[in-house]
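Dear colleague,

Please find the structure below, followed by a summary of what was found in it.

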Amino acid sequence: MNVIRQNLDEPPLRDRGSTRVRNDLFDPNCGSIRGKPPWFEAFWYFVKCIFFLNPLPWPASLKRGVLRLFGADIGRGVNIKPRVNIHFPWKLSIGEHSWIGEEVFILNFEPVVIGSHTCISQRSFICTGNHDYSSAEFSYRNAPITIRDGAWIGAQCFVAAGVCVGTEAVALAGSVVTRDLPDAMVCAGNPCVAVRHRWKE
């Protein structure tokens with residue numbers, strides 16, 4: 001009688017279902033460099049809960065100072081509203097006199113560079129994280145994001161990994177930004193595309 005032995009590395013078929021995707025083989029250390037040791041991340045999460053995720057209106061000057069202590073490059077006059085979630089401050093750069101609105105989430109596994117005089121409005125999601133859907137192991141496919149001087153990201157926008165938002169570009173509220181936006185253009189939609197010039201002249 002033939003005996004069929006299942007590879008011990010393979011899960012039972014009932015656990016795998018009918019999919020090729022193997023989330024159990026995902027390696028969080030492949031394709032992502034966190035930049036700081038675990039204890040430093042834990043300390044940041046604790047501080048973040050007090051000064052950033054908290055709804056209390058802590059002074060912007062205090063928040064700027066805290067971010068700098070954790071390695072962020074923060075310019076003068078940056079205004080950060082309550083309930084802003086910054087994943088890794090040591091991978092964040094914000095120019096002078098920029099505004100970060102309530103409940104903005106900056107998921108910066110990779111560097112996020114925000115220029116001067118920019119505005120990131122409420123509940124926008126700046127997301128450098130991504131996964132390779134063509135990989136059965138669902139490997140990371142992260143990429144940095146750049147938002148240049150004078151740009152405005154409207155409320156509840158999604159900005160995807162690898163995107164560059166041009167100088168003075170505008171992404172209207174609720175847009176899904178998956179490609180670069182040109183300079184000084186008003187852009188909208190899903191996917192977000194240029195619809196008109198920003199300045200009338």
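The sulfur of C49 lies 20 Å from the closest cysteine sulfur, that of C127, which is too far for a bond; a disulfide is a pair of cysteine sulfur atoms within 2.5 Å. For C187 the closest cysteine sulfur, in C192, is 4.9 Å away, again too far for a bond. By this rule the count is zero disulfides. C49 is partly exposed at 46% relative accessibility, whereas C187 is buried at 0% (buried: under 20% relative accessible area; exposed: over 50%; partly exposed: in between; 1.4 Å probe, protein chains only).

This is a predicted model, in which local features need pLDDT of at least 70 and side-chain atom pairs count only at pLDDT 80 or more, while totals for chains, interfaces and linings use all residues. Residues are numbered from 1 along each chain as its sequence is written, and side-chain values use heavy atoms, with hydrogens and water left out.

The whole structure holds 13 aromatic pairs (rings of Phe, Tyr and Trp, the last by its six-membered ring, with centres within 6.5 Å; planes under 30 degrees apart are stacked, over 60 edge-to-face, the rest tilted). One of them joins F40 and W90, whose ring centres are 5.4 Å apart with planes at 70°, so the pair is edge-to-face. Both F40 and W90 are buried. The F125 and F158 rings are also edge-to-face, with centres 5.6 Å apart and planes at 70°. F125 is partly exposed at 24%, as is F158 at 28%.

Yours sincerely
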